[in-house]
Structure formats: structure tokens, C-alpha cells
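Reader: I would like to learn how to read this model, feature by feature. Where do we begin?

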Amino acid sequence: MNPHRLIVSAVVATGSSVVTYAAPFELPSLPYGYDALEPFIGKTTLLTHHLKHHAKYVATANTLIESGSALLKNLSQEQIMTAVSSGVELHTENVGLFNNVAQSWNHNFYWHSMKPGGGGKPRGLLADKIEKDFGSYDKLMGEIEKAAMTTFGSGWAWLGFDKKSQKLVVTKTTGAGNPLTDGITPMLTIDVWEHAYYLDYQERRQNYVNAFFAELVNWDFAESNFIAATANDTGETEEL
Amino acid sequence: MSKLTFILSALMAGSASAFSMTMKAQSGSNLRREILQKGAAIATAAAVPAAAKAYSVPDLNYPFEALEPYIDAPTMKIHHDKHHATYVANINKATEGKEEVDIVALQLNALEAGPAVRNNGGGHYNHAFFWDEMAPPDEAKKTKPSPALEAAINKSFGSLDEMKAAFEARAAPGALFGSGWVWICVSGDELKLVGTPNQDNPLMKGVADSVMFPILGLDVWEHAYYLKYQNRRPEYVSNWWNVVNWDKVSENFAYVTEKKAGVPVRG
Ligand SMILES: [Fe+2]
Ligand SMILES: [Fe+2]
């Protein structure tokens, strides 16, 4: 195993700024201050979400990995998610392993999907591709907001790049689900677990989703993920 | 080559697109659940049209602040007036123009009926059930399991304390991941502890090992406790015993034992 490969693969899978190595995983810092997303996402929400929820997922993932095999200790978060969802028994607590590793990954990706002074429209190559695959930015917005609103219970809505069809797709996952396990590379995500918005919006998920896209979304991050996903792609897919 | 070696070596192969290979996800209950919900067809219209308001939100038997300090008034108000009311509005919409079915009976085939009935019909039953098994703490503490229920608890769990410990473990975030409910049910001549995702419940065929009749249930969706407890779900769960009305739970036990049917709810 070449450890450098793992890192390269992780970069490709996650875009430029979100990289995971082998365990023990660290709780990554937020890319902005806890009050930076006020008033759309409150400081208390970010403190709790990052230092309690996200931190707990990372700690639990590390505990599970620590009690697992030597092999498990050498895998990146992406590899653990993909292997478990492919039916590989990596740990006696396989479901818990997946949930905590995926939630560690998903939250880090979510932090980067927002920024203070975000919002607006995508630009450059990503904007062109959105036009091509969805017809227009408005149509993409319609789809992604619908995905965020119709995820029943706890889950995530995503903009992803499907390497097989070479198209951008909107998808939603429940619980800790991540589209990587379906061969879709994430470009952007919104957390629609109630804890992401309950202190600020209570049952009004629609208001949170609206604020996310109008005021917070980080299209530069999505574009960097899109460039990373396409630049390294040969257009070939591998079947197992 | 073992399956593990095969998949991992493929993952680590030189290709930069190693993580987006078109591997078939074979497991993952979340994924399966979503497919199930997407794939299920909504029952076709029957002869007798239902009124648009077949189901309603029952008033609470106590004021919103009555469960303080264990469940706070703002949580109760939003939970009842917004969350429960939305489930009721949506189940009325989903069943409009169809034969009117009692909310208990609606649960049995909810999975086949599709996500609108499953999620909103379940959401209505579960919440209506939940409100009525609680009472203000000073009243709740005067209640206790009936002799028959106590005997059943001792038989299935050893003691009431052991049942509570098992229940709390099942309700922990690691055991019941995400949104859902934890139940004590009658199954045959035993009591069973069951966790269900989202608004599913053990009255729904296909949710638990067999159809079971709940006598006690706890909402562990984050909306049930987040304003007061945030991430501290275990504290919410252990505090909740202070507002459980064991007289009502005993009544539920007597009903399902005799009728072999789900407990009726108001609304
Ligand atoms: Fe979250
Ligand atoms: Fe609820």
C-alpha cells in the first residue's frame, strides 16, 4: 500500500480543501468563526453542531477504529465508507463504523459548503455545467431545495458529480448516507438533520434551506470540487 | 482473492477515480429504506370519499408548561401545534377522497401504502399516543404499573429498573441513529423493546419482526428535545420517566392484552 496514493485519492474524492488521512481522525476546525454565519446560523448552533455533534462522531469513529484490525487503521474515511457500503465487514460494529465515519466526513464537507457572505450564483466551469445538465441555475435550485425539503427525518441533500454519466446530479441521503458509495462525487451538501437548524428555525426547515442558498452557500468550494472531479477523470469507469 | 482484498485493492489502485467506481452498494439500511419508500405505490382511491379533515390534532390533556422542567413549554407547543399538526394536515391530504380508515387500522399496511401514508399516518398516531401517556410530574409520580403490567415487566425484563435501563440504551443516539421512536410492546405473552426509524411504529407490518402492540413509546426525533437538551439525548430520555403516566400505560397494557389490537388514540 502506498500511503501517498491514499492521500491523492482522498483529495480527488473530496475536492481541494477537505482531506482525510488514516485514523486517528482529528476534528477539523471550522473554516470561519462560530459567529461568522450570524444571523442565518447562530453561534450557539455552530458551537453545538461542531463541538458536540461533529466532535462526537469523530471520537466514536476513532474508538471503533482503535478496537478494529490493523488494516482498518490504515484506511481513509472515504475508503471505510466505500468498503462498508460494498458489504465488506471491517468491524463487528460495521453500521456504527459507517455512521460515525460518514458523519465525520459529511460535517467537514458541510462546513466548507458554507461561508460568511456566501450565496449568489455559481460561476465559471461549474455554472456552464449546471446550465448544461439542469437547463438553468433556477432548475437546479428547484431540485436541490426539493431534495432538502423532502428528506424525511434526518439526512442530507447533495449536489454531486456522477462519473458514470458525467453529469451533475441532485441526490439526498438519510442518516449518515454519503453519495460516494453510489459512485457520485459530492460537490456541495446541506445538513437537514433537525440539529442543524432547530435552535434558529425550529420546525421551519424551509427558512433554513432558503437562508442556506441565499446567504451562505459556498459556490467556490463546489467549483473546486467539480474541477478536481473532472480534471483527474479519464472518462472511464471501472466495474467490479 | 478474498472479497475484502479485492475491493480494497481496487480502492487503492492507481486510478484517481478510485472512489467513484461504479460499485454496487449492497447494504445500508438507509439506502434500502429510501428505495422502499420511493418504490412503494400509493393505494388507489376507494369508493367512499373521506372528509378532508378525517383526522385532527387532539388537544393535550394538560397545559404546554405542565411537563416542566423535564419537557419545556416551547418544545411542547411547537411539537404539538406545528409538528403534529403538519402530520395531520398531510395525512388528511394523502387520504382525501379515499375510504375513511381509523388511524389505528391505517398503520397495518402503511408500508405498502407508500411514504405519504407511512410517514404522516405514523406521525399522527405516534404523537397522539405520546401525548396521552404523559402527565405533569407531580401526578405522574403517584402512578405505577398495575399488578398485571408489573408481572409482565418482571417476566420480560427482570424488573422495572432493568426495563428502564434497556429502554435508555435502545434510545441512545448510537443505538437509534437519527430520527425515530423507542417502544415497549406486547408481543404474544411477552413485552418487547423495539426501536423504529422516523415515524414508523410496530403496528406497521414489516417494521418489527412481527406486528406488535405498543403500550409505551418515546419520541427521540431531535425536535422532541433539542431546544432544552440539544445534543444531550440521554439526559432527555432519563428525565422523561418523570412524566410517564403509568396508569395510562397500564390501561394500554390491559387493552392490547385483551383486544390484541393497537391502542386507540384521540384525533
Ligand atoms: Fe449535523
Ligand atoms: Fe415528534
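**Reading the site and the cavities**

Author: His195(A) lies in the loop between strand 3 and helix 7 (198-201) of chain A. Helices (H or I, at least four residues) and strands (E, at least two) are DSSP runs, numbered from the N terminus. This is a predicted model: local features need pLDDT of at least 70, side-chain atom pairs count only at pLDDT 80 or more, and totals for chains, interfaces and linings use all residues. Residues are numbered from 1 along each chain as its sequence is written, chains are lettered from A and ligands numbered from 1 in the order in which they are written, and side-chain values use heavy atoms, with hydrogens and water left out.

Reader: Is His195(A) buried or exposed?

Author: Buried means under 20% relative accessible area, exposed over 50%, partly exposed in between (1.4 Å probe, protein chains only). His195(A) has a relative accessible area of 1%, so it is buried.

Reader: Which residues does His195(A) touch?

Author: Contact means heavy atoms within 4.5 Å. Not counting residues up to four places away in sequence, His195(A) touches Thr45(A), His49(A), His53(A), Tyr57(A) and His107(A), along with Glu222(B) and Tyr226(B).

Reader: Where does UniProt place the feature "binding site"?

Author: UniProt positions are given in the numbering used here, feature names are shortened, and annotations may be inferred rather than shown by experiment. The unreviewed UniProt entry puts "binding site" at His49(A), His107(A), Asp191(A) and His195(A). They spread over 147 residues of sequence but cluster in space, with a largest C-alpha distance of 12.1 Å.

Reader: What polar contact does the side chain of Asp191(A) make?

Author: A polar contact is a pair of N or O atoms within 3.5 Å; within protein, one must be able to donate a hydrogen and the other to accept it, and residues adjacent in sequence count only if both atoms are side-chain atoms. The Asp191(A) side chain pairs with that of His49(A) at 2.9 Å. Asp191(A) sits in strand 3 (residues 184-191) of chain A. Its relative accessible area is 0%, so Asp191(A) is buried.

Reader: What is the volume of the largest cavity?

Author: On a 1 Å grid over the protein atoms alone, a cavity is a set of points where a 1.4 Å probe fits but cannot get out; lining residues have an atom within 4 Å of a point. Grid points are joined across faces, edges and corners, and a volume is the space filled by probe spheres set on the points. The largest cavity has about 50 Å³. Helix 6 (115-132) and helix 12 (246-259) of chain B each give two or more residues to its lining.

Methods: On a 1 Å grid over the protein atoms alone, a cavity is a set of points where a 1.4 Å probe fits but cannot get out, and a pocket is an open set with protein on both sides within 12 Å along at least five of seven lines; lining residues have an atom within 4 Å of a point.
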